[in-house]
Amino acid sequence: MNSRRLALTFGSLLATGTLLTGCGAIPGAEEGKDSVTVWLMRGSASEAFVERFTEDFEARHDGITLDIRVQDWTGIGAKVTKALDEGHGGESGAPDVIEVGNTQVPQYVEEDGLLDLSLESARDLGMHDWLPGLAEPGVESSRQYGIPWYAANRVVIYNKDLFRQAGIDEPPATRAQWLDMTAELNSGATQGIYLAGQDWYTLSGFIWDEGGGLAKETSGVWSGTLDTTAALRGMAFYRQLQALGGGPKDADEEHPPQAEQFARGDIAQIISVPGATQRILQKNPELKGKLGYFPIPGKTAARPGTVFTGGSDLVVPANTDDRNGAVEVVKALAGEKWNTDLARTMNYVPNKATLADAVAGEPGVAAMAVGAAHGKATPGSPLWPNVEAGDNPIKQYMSKVLAGGDPSTEAERASREITARLDERN
């Protein structure tokens with residue numbers, strides 16, 4: 001699953017002599033120096049960040065030059081798989097470090113294409129403080145292959161004017177308060193919330209809050225779990241919340257784009273990444289200064305809601321011909337100095353909850369950081385992309401329940417389909 005489906009609206013990188021596209025010319029390394037090739041994804045880091053990092057890294061690591069190449073998310077899975085399979089073999093431009101979507105790591109681990117970085121994680125990178133939604137997908141059999149880099153997740157974006165008109169002075173602290181508040185807002189020409197019926201990322205958080213999950217592994221076999229009592233409670237809450245607005249029951253958050261719906265000015269709340277603000281203001285500049293953010297509330301005030309965490313991990317191909325150089329790059333990019341620099345530059349959440357102060361000055365990012373501390377990723381099966389391919393059974397389940405179908409019956413049907421799609425024999 002490509003974590004870019006969170007639709008982060010960050011600026012694209014520009015190709016320069018330092019920052020090359022995947023098909024650009026390759027600069028020669030300085031004589032007597034090793035060149036470490038790094039693949040970063042388009043939009044993940046600004047040109048200025050890459051230039052700062054490169055200059056500092058090369059000054060601190062005599063004998064190493066960096067060859068940083070920008071890759072497009074479209075088709076990246078096949079390109080990474082090819083790079084892991086073919087090996088270096090002296091081929092110029094083969095990657096030594098690769099940025100991958102956090103939920104993509106399991107498929108590359110399954111292919112035996114990544115280095116085990118457990119030692120470096122424990123000794124050098126403070127792995128016990130990592131955000132769980134970034135760290136967990138990078139683990140297989142207690143070994144760490146993916147190193148958390150940055151995160152992003154959903155928050156509630158709200159219209160301050162509509163809250164004020166309803167007499168609401170501060171955001172809710174619990175899910176119960178959220179429901180009551182949204183019901184108050186949902187009156188007259190105002191929608192309390194615009195929540196599309198197939199926003200399964202948001203549903204996942206409610207299910208996790210209840211102690212459930214989308215799928216589980218037992219003795220190496222994965223099965224769908226939407227039909228558990230806990231998961232059904234999560235769907236019940238989703239149904240209550242979705243009814244407090246006019247979101248479509250049979251479409252996801254991009255059909256039509258919820259940011260554009262919110263921009264009309266008659267919707268009190270949407271659940272999205274803060275980057276959606278840019279799209280909202282492009283459609284309706286009059287909303288500038290009128291938008292606020294708060295973390296998705298949890299069941300109690302003591303703990304915010306669990307959220308799906310998107311973002312990126314850094315991995316090192318097992319076939320690298322410069323293990324030491326590659327590891328040094330990962331340690332620098334994922335270390336406190338450059339991780340917080342990236343977070344401030346790009347409005348991301350740093351890879352550790354202990355670094356959240358670095359983004360405290362940006363309200364939307366600060367709200368993300370609160371949720372990210374309790375974030376999760378999709379199930380760790382390397383076949384999980386099969387669940388999202390085509391007619392996603394989770395989406396179909398949600399629409400059927402919202403249209404009046406029996407939750408237990410529809411959950412059982414969806415769980416069977418998830419199980420089938422995660423079956424390695426198929």
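The expected span of a helix is 1.5 Å times one less than its number of residues. With that in hand, select helix α12, residues 323-334, in this predicted model: its twelve residues should span 16 Å, and because its end C-alpha atoms are 16 Å apart, the expectation and the model agree. Colour the buried residues of α12 next, which are Gly 325, Ala 326, Val 327, Val 329, Val 330, Ala 332, Leu 333 and Ala 334.

Now colour the chain by confidence: the mean pLDDT of the protein chain is 91, and 91% of its residues reach 70 or more. Over residues 1-30, however, the pLDDT is below 50, although this stretch has 84 contacts in the model beyond near neighbours in sequence.

Move on to the open sheet of three strands, ordered β11-β8-β12 with antiparallel pairing. Its edge strands, β11 (269-272) and β12 (291-294), each pair on one side only, and neighbouring strands of this sheet are turned by 30 degrees against each other on average, direction ignored. Strand β8 (residues 155-159) is joined to β11 by four bridges; select Tyr 158 and you will find its bridge partner in β11, Gln 269.

Finally, select Leu 119 in helix α4 (residues 118-123). Is Leu 119 buried or exposed? Leu 119 counts as exposed, because its relative accessibility is 53%. Gln 144 is 25 residues from Leu 119 in sequence, and their C-alpha atoms are 8.5 Å apart in space.

Conventions. Residues are numbered from 1 along each chain as its sequence is written. This is a predicted model: local features need pLDDT of at least 70, side-chain atom pairs count only at pLDDT 80 or more; totals for chains, interfaces and linings use all residues. Side-chain values use heavy atoms; hydrogens and water are left out. pLDDT is the predictor's confidence in each residue, from 0 to 100. Contact means heavy atoms within 4.5 Å. Helices (H or I, at least four residues) and strands (E, at least two) are DSSP runs, numbered from the N terminus. Buried means under 20% relative accessible area, exposed over 50%, partly exposed in between (1.4 Å probe, protein chains only). Two strands pair if DSSP finds at least two bridges between them. Axes are lines fitted to C-alpha atoms, for helices over the stretch in contact, and angles run from 0 to 180 degrees between N-to-C directions.
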